[in-house]
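Please look over the sequence and the structure shown below. The report that follows goes through the chain part by part.

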Amino acid sequence: GRTREGFKLHYRGACIHTNKHNKARELLNGKMRGEPLASINSGVPGASVVASHQPPPTRKGTGPPSTPDRAFSDPLSSLLANPAPPQRSGSLARPGSRSGSPPPSGVLPAAELITLEDYVDEFLAGSPTEPPSPQAVAPSVGGLRLLARMRAWKKVDALARQLLGEGSEDEDVLLYHLLAMFKLGRPPFADLRHEVSSGLASFREKGPSSPSPRLARALKLLEIELLQYPAGPEHECLDELGSFQRELDVVANGGEEEVLWWRRVVMSRVNTAVRMANWRVALVALEDLRRRPPLGAGRLAYEVEVHSRIGKVLLQMGDLEGAEVFLAKAQALDQEARRQLGDGNDEPKASDRVRLNLGLLAFAKDDLRTALTCFHEVIKSERRRQQSFTPGAIPGAISAEWPYSPEGEGHPTLGSCGLDMEDNLLIEAVNNLAICAMYTCELDQAVGALEALVREDPAAYMVDVVVFNLCTMYELSCDNEVATRRKRVLQQVAARFFLHDIAELSFRITGQ
């Protein structure tokens with residue numbers, strides 16, 4: 001989801017939008033005026049923000065803002081891999097020049113002018129990740145898969161069109177083509193809607209044997225989901241998803257594939273309702289999922305996820321008591337699941353998903369210290385877990401919001417239970433920790449958290465919610481000229497790494 005102003009708190013499956021821009025600026029200005037921290041009212045929690053690697057500017061004659069003595073004055077120094085060296089705003093100098101010292105003439109010679117590319121190089125200094133080379137990818141289904149992992153969606157679209165034009169009948173080629181159109185398009189997705197409608201009409205003419213049930217369901221689900229984007233009655237998309245769910249109810253007791261598709265359609269209904277703030281429909285659909293858990297070893301993990309989703313919807317509604325009940329149930333189920341692993345621990349450590357839940361609940365209660373602790377622990381745990389990743393893998397690079405995308409692409413949990421579960425929780429944890437840092441007036445820490453995350457691996461971590469929050473914090477911490485420059489640096493980083501799916505609105509640059 002996107003909004004023109006306000007901040008985004010990263011809940012799994014959705015973001016909460018609130019118009020707290022003015023309140024955040026008031027809070028930060030209050031701190032810069034030297035007011036005691038205890039007198040600053042952070043307002044009702046439920047928003048999110050992220051900032052830059054540099055401290056807020058001080059007013060002339062006031063000196064730097066005081067830093068409160070707290071346990072989390074530097075919450076990320078040991079957590080983000082490959083931290084970049086401290087940056088110097090506006091002090092980038094050419095080799096051989098004296099940093100910050102202009103030539104005697106007072107005007108930089110043409111050869112000494114600092115370009116936007118220089119600032120991009122400085123931002124990426126120390127990054128362990130090199131930009132990819134999508135032009136070297138072979139024209140094949142495997143090449144499409146690799147380009148999708150890079151998030152080079154313009155290249156995906158071009159290659160898919162080439163393969164389709166050469167007569168490829170591989171269903172994955174068509175799905176990658178449609179996925180690329182979705183990633184590159186903007187509402188109301190007129191071209192994509194036409195493509196899907198034409199494809200369905202063509203398949204109907206060929207008879208009942210075409211397409212396969214998998215492709216037919218994928219196209220139908222996409223066609224229905226696109227109904228939410230044109231301006232019109234909100235209920236149309238939800239009504240059609242409900243009808244599709246009832247249609248699949250008939251076969252949901254059949255094979256594993258039928259059950260999986262039923263859950264995918266129900267989750268689509270949940271996510272669509274959340275985007276529309278139709279909480280009643282979201283809760284009804286989640287209750288449908290809760291009543292039909294899978295059998296076998298995956299049951300408890302499934303129930304933990306569903307109870308967590310219900311709790312998060314209640315949090316977004318403002319029902320803290322109801323949310324606490326369901327999140328506590330998720331925690332109990334998680335402990336039961338971990339005991340069954342046979343580790344011999346009577347009180348097993350909570351999973352990262354449960355700790356994220358506890359952090360969100362603490363944030364909603366305005367208990368920022370507890371929230372910081374929860375997100376801090378998740379980050380450390382995710383760092384340890386990522387050490388076992390296969391070299392060259394891009395964790396979380398492909399969003400799970402498309403259940404009709406080709407099977408197995410970055411979704412090791414999706415195929416097992418039909419829920420769009422993130423395998424990598426680092427983005428959510430760092431984003432929310434940075435928000436907490438911002439609300440405790442640690443703006444420089446909030447900025448450094450997200451900039452370091454982007455710098456570490458743009459393909460994996462530079463997503464819309466991170467970019468939006470970071471650019472919002474630039475506006476709070478810098479004058480307009482510096483904030484705009486830093487936003488354009490992020491744009492150029494995205495361009496260097498071929499991240500074609502980041503919305504232009506996320507950069508918050510006016511007049512472009």
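Where in the chain does Arg508 lie? Arg508 is found in the segment after α20. The model discussed here is a predicted one.

## The chain as a whole

The secondary structure of the protein chain consists of 20 helices and 2 strands. The chain has 512 residues, and 51% of them count as buried. Its accessible surface comes to about 23,100 Å², and carbon and sulfur atoms account for 52% of that surface.

Contacts can also be sorted by how far apart the partners stand in the sequence. Among contacts between residues at least 6 apart in sequence, 70% join residues at least 24 apart.

## The nonpolar cores

Which residues touch the most other members of the largest nonpolar core? They are Phe123, Leu192, Leu289, Met462, Leu490, Val493 and Phe507, in a core of 104 residues. Helix α16, which covers residues 426-439, gives the most to this core, with 11 residues. Apart from this core lies another, of 15 residues, and Val137, Leu147, Val156 and Leu179 are among them.

Leu289 can be followed in more detail. Not counting residues up to four places away in sequence, Leu289 touches Trp262, Arg263, Val266, Met267, Tyr302, Val306 and Leu419.

Phe123, one of the core residues named above, is also one of the buried residues of helix α2, which spans residues 116-123.

Arg217 lies in helix α7, residues 213-225. Arg217 is buried, yet it has no salt bridge. The nearest side chain of opposite charge is that of Glu258, 4.3 Å away, whereas a salt bridge is counted only within 4 Å. Leaving aside neighbours within four places in sequence, Arg217 is in contact with Phe244, Leu248, Val251, Glu257, Glu258 and Trp261.

Arg355 belongs to helix α13, residues 352-364. Arg355 counts as buried because its relative accessible area is 9%, and the cut-off for buried is under 20%. Arg355 and Phe375 are 20 residues apart in sequence, and their C-alpha atoms are 7.2 Å apart in space. Arg508 has a relative accessibility of 13%, so Arg508 counts as buried too.

## Backbone features

Arg508 has a positive phi of about 55° although it is not a glycine. Cys441 is not a glycine either, and its phi is positive at about 70°. Cys441 is placed in the loop between α16 and α17.

Which peptide bond is cis, with omega near 10°? It is the bond from Pro187 to Pro188. Pro188 sits in the loop between α5 (171-184) and α6 (190-206).

## Cysteines

How many disulfides does a search of the whole structure find? The search finds 0.

Is Cys441 buried or exposed? Cys441 counts as buried because its relative accessibility is 3%. Cys471 has a relative accessibility of 0%, so Cys471 counts as buried as well.

Conventions. Residues numbered from 1 in each chain as written. Predicted model: local features only at pLDDT ≥ 70, side-chain atom pairs only at ≥ 80, totals over all residues. Heavy atoms only, no water. Helix = DSSP H or I, 4+ residues; strand = E, 2+ residues; numbered from the N terminus. Buried < 20%, exposed > 50% of the residue type's maximum accessible area, 1.4 Å probe, protein only. Lys, Arg positive; Asp, Glu negative; His and termini not counted. Contact = heavy atoms within 4.5 Å. Core = buried A, V, L, I, M, F, W, Y, C linked by side-chain atoms within 4.5 Å. Disulfide = S-S within 2.5 Å. Areas by Shrake-Rupley, 256 points an atom, 1.4 Å probe, with all protein chains shown as cover.
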